[in-house]
Amino acid sequence: MDPQLNRWRADTPAAAAGLVHLNNAGASLMPRPVQDAIADHLKREAMHGGYEAADDAADAIAAAYVDVARVVGAEARNIAVVENATVAVSLALSAFDFVAGDVILTTRNDYISNQLMYLSLAKRRGVEIVRAADLPEGGVDPESVREILGKRRVALVALTWVPTNSGLVQPAEEVGRIAEEAGVPYLVDACQAVGQMPIDVARLRCDFLAATARKFLRGPRGVGFLYVSDRALRDGRAPLYVDMRGADWLEADEYRLADSARRFENWEFAYALLLGMGAGARYALDDVGLDEACRRARALAARAREKLADVDGIRVLDRGPELCAIVTAELAGIDAGDAVRELREWGINTSATRRDWAVLDMDDKRARTAVRISPHYFNTEREVDTAVAALAAMMDGRR
Ligand SMILES: Cc1ncc(COP(=O)(O)O)c(C=O)c1O
C-alpha cells in the first residue's frame, strides 16, 4: 500500500481494524490527533476544572481558530465557533431584518433544514422564496440567478455548495461573482464541502459560510463554525439574539458588539470539541492536503459510480457538470434504509437518503430512497469494490 495511505489508515484505528467506512458525508472517522485533542482536554477539565482548563488551554484554543480559518482561506477574526452547520445558517439568517416581499434567492438543491428555515421566514415574515432554475444537465443555472437578481428585490442569495443527497457540486464561485455584481449578500452552506475540497472565501465572495466538523473535515460531532466576512462585520451584521460573549453591556440600554465574528458565538461552548475541530483542520491541511483529499475522494467516488452503473437494478442518481465524493444510487425494489442496515451487518458503513430530505431533487429523479456512499481519501479501492459487490449480491438475491 502507498506509504501515505498507510499512514492515514494507521491514524484511523477503525479503518486499520477492517471497518469499511463509506459514510464520510454522515460523520467521518476521527483521526488519532483529533481523538487525542478532545480526550486530553476532557482530562484537563476533570483534573483542573472546566473554566480553569479553558484558561490553561488559551494558546491551543487561539491556534484552533487560526487553523479552522485556514481551511477556508480566512483569518481567525472571521470565525465563529458554533454547534453545527444548521445553527450557523440560522445565525446568519438572523442577521437580516427581512420584511414582507423580500426575496431569498436559492436553488432546488439547498439543504432540507435551510429550506425549512426559508419556509418559516416566508410564513412568519412574508419573505418570498425563489429558487433559480437548474441546467438541463443538473445543478443551478447561474444565468437564472443573474436574471432573478435583475428582476426581483433579493435580500439574500443562499446556496448549498454540495447537497446532502447527491454528488452534485454547485457553481458556488460563479454564483458568488453574480451576487457581488448585484450587491446582494451571499450565504454558502459548505457543510459537505469543508474538508472535502479546497475552499477560498475570497474566491467565493461570500458574506457567510456555514460548516460542520464531523463530516469530511473529520472532526468531532457537535461542533461547527460560521465564517463571517469583514464586509458583513463592517455592515454591522449580527445575530438577532446576541449573548454576553458576542457583546458588552455598557449601560442599562446600551451594548457594543464584538468587532469580530465572535459576536455570533455563545458564551458557553465545548472547548474540547473546538480543540478537536482545530486538530481536524490541521490534519486536513498539513498531514493530507485538501487538493490531495479532494482528488483521491473524487476518484474513489467515480470508481463506485462506474461499477454501480454496471449492476442490474441499480440506478446512479448523481447528475451535474461537476461531481464530488458523494455517490447516490437507487436500488430497484429495495428500500435504501434496509440496504444500509444489511451493509452494516457486513461491516460496511453507508447511509440512506430519502425523498423527504430533498423533495425537489428526488422528485426530479423520481426516486423515493437512495443509498449514499461517501468515500474519503483514507478509503481504498478495495473498500469501494467490497461495497459495490455487497450491493450487487443484494440485487442478485432479489432475482
Ligand atoms: C449540505 C448540508 N448542509 C447542512 C447540513 C447540516 O449540518 P449539521 O447537521 O451539522 O447541522 C448537512 C448535514 O448533513 C448537509 O449535508
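R218 is found in the loop between β7 and β8, where helices (H or I, at least four residues) and strands (E, at least two) are DSSP runs numbered from the N terminus. The model is a predicted one, in which local features require pLDDT of at least 70 and side-chain atom pairs count only at pLDDT 80 or more, whereas totals for chains, interfaces and linings use all residues. Residues are numbered from 1 along each chain as its sequence is written.

Most residues other than glycine have a negative phi. R218, by contrast, has a positive phi near 70°. This residue counts as buried because 30 C-beta neighbours lie inside 10 Å; a residue is buried if 20 or more other C-beta atoms lie within 10 Å of its own, exposed if 12 or fewer, and partly exposed in between, with C-beta atoms placed from the backbone. R205 likewise is not a glycine and has a positive phi, of about 55°. Its place is the loop between α10 and β7 (208-212), and with 20 other C-beta atoms within 10 Å, R205 is buried.

Strand β8 (residues 224-228), which pairs with β2, does so in the antiparallel sense over four bridges; pairing requires that DSSP find at least two bridges between two strands. Within this pair, V81 has F225 of β8 as its bridge partner. In β2 (residues 79-82), I79 and V81 point one way while A80 and V82 point the other way, and all are buried.

Helix α9 (residues 172-182) has A172, V175, G176, I178 and A179 as buried residues. Seen down the axis of α9, these buried residues fall within an arc of 165°, so they line one face of the helix; the arc is that of the directions from the helix axis to the C-beta atoms. The cover over the buried residues of α9 includes α8 (142-151), β5 (154-160), β6 (186-189) and α10 (201-204), contact being defined by C-beta atoms, placed from the backbone, within 7 Å. G183 follows α9 and has a positive phi, near 70°.

An open sheet of four antiparallel strands is arranged in the order β11-β12-β15-β14. The edges are formed by β11 (314-316) and β14 (351-354), each of which has a single partner strand, so one side of each is left without a neighbour in the sheet. On average, neighbouring strands of this sheet are turned by 35° against each other, direction ignored; axes are lines fitted to C-alpha atoms, for helices over the stretch in contact, and angles run from 0 to 180 degrees between N-to-C directions. Three bridges join β11 and β12 (residues 327-331) in the antiparallel sense, and R315 has E330 in β12 as its bridge partner. Helix α14 (residues 336-345) lies across β12, β14 and β15 (369-373), and runs at about 35° to β15.

The loop between β11 and β12 contains E322, which counts as partly exposed because 13 C-beta neighbours lie inside 10 Å. E322 and Q170 are 152 residues apart in sequence, yet their C-alpha atoms are 7.7 Å apart in space.

The ligand is surrounded by 13 residues, of which the closest are N84, T86, T164, C191 and T212; a residue is near a molecule if its C-beta atom, placed from the backbone, lies within 6 Å of it. By class, this shell comprises four nonpolar, eight polar and one charged residues, where Ala, Val, Leu, Ile, Met, Phe, Trp, Tyr, Cys and Pro count as nonpolar, Asp, Glu, Lys and Arg as charged, and the others, Gly among them, as polar.

Technical notes
Contact = placed C-beta atoms within 7 Å.
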